[in-house]
Amino acid sequence: MLYPRIIPCLLIHNKGLVKTVKFKSPKYVGDPLNAVKIFNEKEVDELMILDIDATINDVEPNYRLIAKIAAECRMPLSYGGGIKTSEQAKTILSLGVEKIALSSALIEQPTLATKIAAQVGAQSVVAVLDVRKKRFGHKYDIYTHNGKNKDTHELVKLIKQLEQNGIGELVINSIDHDGVMKGFDLELIRIAKSAVDIPVTVLGGAGSLDDIGKVIQEHKIIGVAAGSLFVFKGPYKAVLINYPSQNEKLQLINQSLPKNEQQ
Amino acid sequence: MITIVDYGLGNIKAFANIYKNLNIPYTIANTANELATANKIILPGVGAFDYAMLSLNRSGMREQLDELVLEKKIPVLGICVGMQMMALSSEEGTLPGLGWMNATVKKLRTNGDAGHTPLPHMGWNTVKQTKRNILFDSLEQNAKFYFLHTYYFSCNEDDTIATSIYADQFTSIINHDNVYGIQCHPEKSHQNGIALLKNFEEL
């Protein structure tokens with residue numbers, strides 16, 4: 001049986017790890033390599049690392065740091081931040097990264113996915129869409145550059161187009177729920193999941209394992225990512241890297257599955 | 001000595017790190033000369049089938065590799081697309097494969113039931129051992145491994161030593177004489193993957 005994926009998502013800012021709230025006020029939470037070592041010990045399903053400076057500063061991805069992180073990772077790694085070309089994508093994969101995540105470059109030029117996938121394979125091309133709920137109604141706007149630039153694409157249309165162009169995974173990130181730790185935007189997840197037939201990973205809002213369980217219960221095969229949940233502990237958000245044990249994870253998944261599918 | 005074939009694709013460093021941590025000597029081959037002395041070969045792979053074949057054909061190592069595997073019968077372990085390349089052909093591309101195995105590579109089927117079996121097949125899945133093999137020493141039955149693929153290795157049952165289930169059951173690990181292949185990524189499968197890579201070295 002294929003298990004749902006539970007994925008810590010780490011943000012890199014000024015070479016350190018940070019955690020944001022609604023994409024603002026980055027709080028320093030530690031050293032990336034140290035965090036990866038701890039997540040190795042905890043045998044996490046996958047790791048997602050996003051450099052939130054590269055696109056904003058219009059600089060190349062930090063290959064040296066990526067190489068160091070990838071060498072340390074004993075789990076699959078997706079990296080995002082500053083990737084614009086298939087050359088950059090190939091360089092990053094050659095450093096030992098499994099999946100490359102693109103956001104603004106794909107939104108500006110959705111056909112880029114086809115070009116990159118032809119070389120590295122669709123399974124390694126991830127689109128990350130940062131979305132914010134419109135003030136009125138049940139619609140969402142897509143944003144780039146850490147939530148600063150509003151894009152004009154319609155969400156579902158763009159998702160379908162990206163799938164057709166050959167992306168292998170969609171990460172949908174709720175800006176409104178980022179760092180708030182009060183649960184995922186379940187409506188947004190439904191919209192994204194029903195639009196495509198590729199793996200979907202959701203990010204933004206997890207405050208407890210129950211929040212993750214709710215998503216798994218509804219969608220079964222899905223990636224559930226979280227930042228704050230896996231780097232903070234307690235009501236005062238003390239920095240403490242954590243992740244459910246294999247038993248806790250199995251329990252969580254079993255609670256979410258019908259009896260005959262439990263492991 | 002483990003020799004990891006570096007033809008520009010696949011996670012060379014991840015294998016190197018695992019063998020380094022196990023204190024197992026390894027070398028990374030970029031040329032036919034560096035490959036020549038191998039007594040165990042790892043053929044990694046991440047990417048599209050044609051691009052992988054093209055890269056290997058252009059690497060200058062193809063003939064040496066064929067000779068080592070087919071004539072000298074050096075054990076070789078293909079990983080993901082590295083395994084798929086060992087087949088005759090793939091539905092993903094038009095280039096011929098290495099043809100070390102009587103097999104073809106086909107696209108996984110999806111159920112098409114509202115995203116319950118999306119493609120690629122991505123994540124941790126159980127691997128059921130269908131034959132005894134040294135590769136499985138110290139591994140539990142139904143151990144979990146990380147998968148990331150859309151195509152699978154379609155071969156005869158004799159060569160299949162483990163299977164996994166997505167929309168359908170498919171072959172996840174193969175062995176025929178000195179040729180071994182694994183669809184999942186042992187280099188990214190924590191302790192289970194490390195155990196399998198260690199077993200390959202101890203063949």
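This is a predicted model: local features need pLDDT of at least 70, side-chain atom pairs count only at pLDDT 80 or more; totals for chains, interfaces and linings use all residues.
For one pairing to zoom in on, pick Gln129(B), whose bridge partner in E10(B) is Ala162(B).

Next, widen the view to the whole sheet. Which order do its strands follow in chain B? Reading across, the order is E2-E1-E3-E4-E12-E11-E10-E7-E8, nine strands in an open sheet with mixed pairing. Look at the edges, where you will find strand E2 (26-29) and E8 of chain B. Each has a single partner strand, so one side of each is left without a neighbour in the sheet. From one strand to the next, the twist averages 30 degrees.

With the sheet still on screen, select helix H6 (residues 190-201) of chain B. This helix lies across strand E1 (2-5), strand E3 (40-43), strand E4 (76-79), E8 and strand E12 (179-182) of chain B. Against E8(B), the helix runs at about 90 degrees.

Time to move over to chain A, which has 10 helices and 14 strands. Its C-alpha trace spans about 45 × 40 × 35 Å along the principal axes. Its radius of gyration is 17 Å, which agrees with the value near 18 Å that a compact globule of 263 residues would have. Of those 263 residues, 51% count as buried. Among contacts in chain A between residues at least 6 apart in sequence, 64% join residues at least 24 apart.

For a last stop, select helix H6 (residues 155-165) and helix H7 (residues 186-195) of chain A. How far apart are their axes? The axes lie 9 Å apart, and the helices pack at an angle of about 35 degrees. H6(A) passes H7(A) in a right-handed crossing. Show the side chains where they meet: Leu155(A), Val156(A), Ile159(A) and Lys160(A) from H6(A), with Ile191(A), Ala192(A) and Ala195(A) from H7(A). This contact holds six nonpolar residues, no polar ones and one charged.

Notes:
Residues are numbered from 1 along each chain as its sequence is written. Chains are lettered from A and ligands numbered from 1 in the order in which they are written. Helices (H or I, at least four residues) and strands (E, at least two) are DSSP runs, numbered from the N terminus. The radius of gyration is taken over C-alpha atoms; the globule rule is 2.2 Å times the number of residues to the power 0.38. A residue is buried if 20 or more other C-beta atoms lie within 10 Å of its own, exposed if 12 or fewer, and partly exposed in between; C-beta atoms are placed from the backbone. Two residues are in contact if their C-beta atoms, placed from the backbone, lie within 7 Å. Axes are lines fitted to C-alpha atoms, for helices over the stretch in contact, and angles run from 0 to 180 degrees between N-to-C directions. A crossing is left-handed if the near helix is turned anticlockwise from the far one by less than a right angle, and right-handed if clockwise. Ala, Val, Leu, Ile, Met, Phe, Trp, Tyr, Cys and Pro count as nonpolar, Asp, Glu, Lys and Arg as charged, and the others, Gly among them, as polar. Two strands pair if DSSP finds at least two bridges between them.
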